[in-house]
Amino acid sequence: MQHDFTSHSADLAQPRSFPWIAHGFALGGDYSPEQWPEELWQEDVALMRRAGVNSVNLGVFSWGLLEVADGQYDWGWLDRAMDLLHENGVGVNLATPTAAPPMWLMQAHPEIATVDQFGVRTSQGGRLAWSPSSAVFRRYALRFVRAIAERYGSHPALRLWHVSNEIGNENARCYSDETALAWQSWLAAKFGDIAALNEAWGTAFWGHHYTSFDQVLPPRHARTAHNPGLLLDFERFTSDALLGHYLAERAVLREVTPDIPITTNFMVMNSPGVADYRRWADEVDLVANDHYTIGADPERHGELSFSADRARGIAGGRPWLLIEHSTSAVNWQPVNRAKSVGELARNSLAHIARGADGALFFQWRVSSAGSEQFHSGIVPHAGADSKIFREVEQLGATLRALAPVVGSTVERARVGILFDWESASAWQAGNKPTRSISYLDLPLALHRAVTARGIAAEVVRPQDGLEGFDLVLVPTLYLAAPGVAEGLTEFVRGGGHVLVSYLSGIVDEHNRVITGGYPGAFRELLGVRVEEFFPLFEGESVTLDTGQTATTWTELLRTEGAEVLSSYATGELAGIPAITRARVGAGTATYLATTLDAAGIRSLVDDLVALAGVAPVADVDAGLEVTRRVSGDRSFLFLINHTDASLTARASGTDLVTGSVHPGSVAVPAGGVVVLEEDAR
């Protein structure tokens, strides 16, 4: 991969084949010089050089400071900041700061703001207040995008366009009259005629029959639940509306600066209003993701790994960019706990181990004012003489030592986990048998159980294909898109092994229940038929005849060709199968009909990986996270210790950070990270 930025025109000649932004791994974050006196900027760039910062996101919320009145621009401070960063060897990911409409625009055109389901229009004072269906906002936003692109498109500091910010985070859904017109047009384009919509949504229920598209309103507040088909399609419409705004900004940037790569920051563990980030990934030159750990989660590193594997799946296995994460505490959780010593490095390197070619933070210098004044940054309120800044300095040194890894890709895993936000949206749309199950619960639990064994996993969409996998996990895939069941059946017949869980294959693409017995789409493959759901109340549990404990969810199930692996030993369903397995062709299809505790999940995963013959990435002690990146005949083993004791990996190679040679094993200190360039395997 080419990372030489010796000349601006040569650097970015083919951005869509290689859209990268820095020498080696990118390190840095959001920089807001406009928040600080200009005399402080020299200190900023000196500290950036000291820490090894080579990439910043600039101007993310600066529209009102650059277009100070309608059509009146003041570029001076940004000119000086761009020049200063370039002089100090820092590349710029320049934002189109359309996430934050100026106050003059909000007051001149209040109609651009989102309207909530109760009919209340968003007032000024927050961010992302604009409606994606607002023609007025689109006109002003694109005018500004053209102006900033013409101003800085040839600036030698410019490495990447950063379109808006977290599109959909606060403006995911709008219920305005203007949105209603866009929604009706979207429906007409999708269904063609109103009869098809009525059939897809089952509008005969409650007499919701429509005779024209202009009768279909957004799901504004009603005293009862809306139609699940309408709710799911409104999520799809919202995603398309948000993507439409990104594409409109991209079109202007591509016209003015055809050689500059373009992206926007995803939020793959939040996906606000975005039904399918994989589709968005086809429209960016570089997949960029935001991720923040949940401080109250004692296994937050497991959620981080799932997020990173999902980002890699969205990127199609190509290198991607961690464009935002935190050095320490955030400011939006109930308790914002600071990260422990070494956690900053472990978090950053875990993303890199799983395919990121850079780790940027929000933000450079912690704000002294504003709503994020207690969100951590690289330079805290205490200044550079601080734990955080010293740890970022050390991370910079580590990343420079890992330069040979840049551009490599994560070794293909043999375990695939099917995960789909559209399915999650379907589960959230309308009343369900229980509110105690989140669409993320089981995917995270299975991913943690697999990776805790040193086994690699990939998180992919059901439509992405199953080639190369030996074991595929299908956790709570509530919506089964057309072709998914057929693809899984073909995979199993060919010798693959599948686990399908409860609440999978229940509805079709219109959020209509597949009748004939659950789990609808997968019933034939699994050789089971579920007659009725028996969710459990909070605190209620049952025991299986294998000694495992089950909570939250059980089902009245009978086998139709599958063998019984485990049954309920207690409770109302005593004697009813809880885990089954069908042999189909050369493979197997296992069905999990209940919510197992952590020990039960571990036991089930042990059984499945043994059945599929899946080996760990390397022979490591329990508690050691292990991932391999490869490039040609070179391979790099990342070993991350999340425990408070030294752990050992049986592997041979050279530690890229220390230069130490390990002929057969390597000890990873408590809380530490080792990256081995492996001996020829």
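User: Which residue follows H7, and what is its phi like?
Analyst: That's Gly-192, and its phi is positive, near 80 degrees. Keep in mind that this is a predicted model.

User: Okay, and H7 itself: how many residues does it have, and how far does it reach?
Analyst: H7 covers residues 177-191, so to speak, with 15 residues in the run. From first C-alpha to last it reaches 21 Å, close to the 21 Å expected at 1.5 Å a residue.

User: Which residues of H7 are buried?
Analyst: Thr-179, Ala-180, Trp-183, Gln-184, Trp-186, Leu-187 and Phe-191. Looking down the axis of H7, those buried residues fall within an arc of 165 degrees, so they line one face of the helix.

User: And which ones are exposed on the other side of H7?
Analyst: Leu-181 and Ala-189 are exposed there.

User: What do the buried residues of H7 pack against?
Analyst: Two helices: H8 (194-201) and H9 (228-256).

User: Let's take H8. At what angle do the axes of H7 and H8 cross?
Analyst: Roughly 90 degrees, and the axes come within 8 Å. H7 and H8 are therefore roughly perpendicular to each other. On the H7 side the contact is made by Trp-183, Leu-187 and Phe-191, and on the H8 side by Ala-196, Leu-197, Ala-200 and Trp-201.

User: Switching topics: what order do the strands of the open sheet have?
Analyst: There are nine strands, in the order S7-S6-S5-S2-S1-S11-S10-S9-S8, with parallel pairing. The edge strands are S7 (262-263) and S8 (265-266), each of which pairs on one side only.

User: How many bridges join S6 to S7?
Analyst: Two, and the strands run parallel; S6 is residues 158-163. As for partners, His-162 is bridged to Thr-263 in S7.

User: Which strands does H12 lie across?
Analyst: S10 (320-324) and S11 (356-361). H12 runs at about 145 degrees to S11.

User: There's a histidine I clicked on, His-351. Where does His-351 lie?
Analyst: In H12, which spans residues 343-353.

User: Is His-351 buried or exposed?
Analyst: Buried: its relative accessible area is 0%. The cut-off for buried is under 20%, so His-351 qualifies.

User: What is His-351 in contact with, leaving aside its neighbours within four places in sequence?
Analyst: His-291, Leu-304, Ala-308, Trp-320, Leu-322 and Ala-356.

Conventions. Residues are numbered from 1 along each chain as its sequence is written. This is a predicted model: local features need pLDDT of at least 70, side-chain atom pairs count only at pLDDT 80 or more; totals for chains, interfaces and linings use all residues. Side-chain values use heavy atoms; hydrogens and water are left out. Helices (H or I, at least four residues) and strands (E, at least two) are DSSP runs, numbered from the N terminus. Buried means under 20% relative accessible area, exposed over 50%, partly exposed in between (1.4 Å probe, protein chains only). Contact means heavy atoms within 4.5 Å. The expected span of a helix is 1.5 Å times one less than its number of residues. The arc is that of the directions from the helix axis to the C-beta atoms. Two strands pair if DSSP finds at least two bridges between them. Axes are lines fitted to C-alpha atoms, for helices over the stretch in contact, and angles run from 0 to 180 degrees between N-to-C directions. Angles under 35 degrees count as roughly parallel, over 145 as roughly antiparallel, 65 to 115 as roughly perpendicular and the rest as oblique.
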